[in-house]
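I opened this notebook to record what I looked up in one model.

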Amino acid sequence: MVSDEKGNSGCIDVDGNVVIDLKYDWIEEGYSSETTYVVEKNGKYGAVNRMNDVVIPLEYEEIGPFYNGAVWAYKGNELFRIREDGTIITSIKVREVIDV
């Protein structure tokens, strides 16, 4: 994970090639699976894969780390369990989320 002089974050490989464009406000290694990274831009969270494709749209208010190939994400009054490929496994209507 790297950040440029403007604070934009992304990923490069060991040869210095850009793997994930440096255009996100936040990207965190602990929030990644082997092939997918949780990112944040303008206060919204989603995920990108190593091909630099957005696989979970950046539309969630909060998102947790990947665990067993999926993440918990929160938007509005719904909590979602989402696979690495963007498939929603389940959604639950909630009143409040303390932490994902």
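The entries below follow the order in which I consulted the model.

I note that this is a predicted model, in which local features need pLDDT of at least 70 and side-chain atom pairs count only at pLDDT 80 or more, while totals for chains, interfaces and linings use all residues. Residues are numbered from 1 along each chain as its sequence is written, and side-chain values use heavy atoms, with hydrogens and water left out.

Overall form. I looked up the radius of gyration, taken over C-alpha atoms. The chain has 14 Å, which agrees with a compact globule of 100 residues, because such a globule would have a value near 13 Å (the rule is 2.2 Å times the number of residues to the power 0.38). I read the spans of the C-alpha trace along its principal axes as about 45 × 25 × 20 Å.

Burial. I found that buried residues (under 20% relative accessible area, 1.4 Å probe, protein chains only) make up 34% of the 100 residues.

Contacts. Among contacts (heavy atoms within 4.5 Å) with a separation of 6 or more, I noted that residues 24 or more positions apart account for 21%.

Three strands form an open antiparallel sheet in the order 1-2-3; pairing requires at least two DSSP bridges between two strands. The edges are strand 1 (2-3) and strand 3 (18-24), each pairing on one side only. I recorded 3 bridges between strand 2 (residues 9-12) and strand 3, with Cys11 opposite Ile20 in strand 3.

Notes: Buried means under 20% relative accessible area, exposed over 50%, partly exposed in between (1.4 Å probe, protein chains only). Helices (H or I, at least four residues) and strands (E, at least two) are DSSP runs, numbered from the N terminus.
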